[in-house]
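Have the sequence and the model open as you read.

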Amino acid sequence: MGALWRGWRDVLTRLGFETAALDAKLLAGHALGLDALALATRENDPVAPEAAALLADFIQRRMGGESVARIIGKKEFYGLPFQLGPATLEPRPDTELLVDLAIAALPAGGRLLDLGTGTGCIPIAILANRPDARAVATDLNPEALSIARLNAERHGVLWRLDLAQGDWFGALAAPGQGGARFDLIVSNPPYISSAVIETLAPEVKQFDPRLALDGGPDGLAPYRIIAAESGQFLAPGGQVLVEIGYDQGAAVAGLFAAAGFVDIAVHKDLNGLERVICAHQIEGQNDVRSR
């Protein structure tokens with residue numbers, strides 16, 4: 001068993017995979033149905049031909065650029081495992097900053113709205129750490145919402161999470177038409193410029209859903225919608241938190257300023273890169289414009 005995964009490790013190493021050892025171990029464990037401890041303690045156990053063939057298939061997929069998380073079908077985020085699907089992005093560590101800020105910003109008993117939820121990792125991680133809160137999550141893709149529902153059930157927060165299909169705020173009734181207002185709106189929207197997508201790593205451009213990557217010609221199209229329409233869905237004094245690309249801080253901050261938001265701040269991630277914009281609505285002000 002040990003010789004098998006190490007052999008594939010060596011193959012991946014020769015092909016230039018920087019995480020060859022970890023990739024081989026994770027894929028071997030998944031193919032053999034073993035956790036890391038069992039894989040280490042059963043070094044000399046024989047491997048059934050079916051399991052060896054399954055591992056070979058996994059390795060071939062990895063060599064073709066598919067990520068380990070997609071092959072396994074799950075990814076950890078904020079200490080929780082999340083099921084993936086073809087319609088969802090992989091949750092990435094950079095987004096954990098958005099969750100940190102949201103947990104701190106959400107008032108007691110607060111209501112949260114997540115736009116473009118994908119796996120549901122953002123609202124689920126927030127709800128798992130804020131048992132007093134409730135949330136609504138929207139996504140244009142019904143397959144993504146199905147994955148989010150499964151993840152919410154797995155982590156015991158589905159009863160506090162409503163899922164709505166639609167394009168951004170189009171999934172919701174306006175507050176003046178019976179819809180709710182929210183204390184906090186969060187989103188990790190598509191923010192990659194259309195022309196840049198083809199230059200990305202194969203595991204992104206070939207396997208991540210383009211709908212969740214493409215932010216339009218300048219990467220800012222979703223932010224224009226969020227900045228323009230958040231006001232009518234926020235409770236007085238509410239906040240918006242959005243993840244951004246490393247070079248989009250000034251542009252996105254400008255969009256929120258133009259929409260009347262105040263106290264706009266750019267938060268950097270652990271790598272020192274601009275990662276999240278926070279914008280506050282003026283206390284007592286609501287935008288009543290309709291779509």
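**Salt bridges in the predicted model**

Asp-94 and Arg-275 meet through their side chains in a salt bridge, 3.6 Å from N to O. This pair links distant parts of the chain, 181 residues apart: Asp-94 lies in the loop between S2 and H6, and Arg-275 in strand S9 (residues 274-280). A salt bridge here is a side-chain nitrogen of Lys or Arg within 4 Å of a carboxyl oxygen of Asp or Glu, and by this rule the count comes to 14. Helices (H or I, at least four residues) and strands (E, at least two) are DSSP runs, numbered from the N terminus.

This is a predicted model, in which local features need pLDDT of at least 70, side-chain atom pairs count only at pLDDT 80 or more, and totals for chains, interfaces and linings use all residues. Residues are numbered from 1 along each chain as its sequence is written, and side-chain values use heavy atoms, with hydrogens and water left out.

**Around Arg-275**
- Arg-275 also forms a salt bridge with Asp-269, with the closest N and O atoms 3.1 Å apart.
- Salt bridges that share partners join Asp-94, Glu-243, Asp-269 and Arg-275 into one network.
- Arg-275 is buried at 6% relative accessible area (buried means under 20%, exposed over 50%, partly exposed in between; 1.4 Å probe, protein chains only).
- Asp-269 is buried too, at 10%, whereas Asp-94 is partly exposed at 29%.

**Lys-75 and Glu-90**
- Lys-75 forms a salt bridge with Glu-90, the closest N and O atoms lying 3.4 Å apart.
- Lys-75 sits in strand S1 (residues 74-77), and Glu-90, 15 residues away, in the loop between strand S2 (80-83) and helix H6 (96-105).
- Lys-75 counts as partly exposed at 24% relative accessibility, while Glu-90 counts as buried at 8%.
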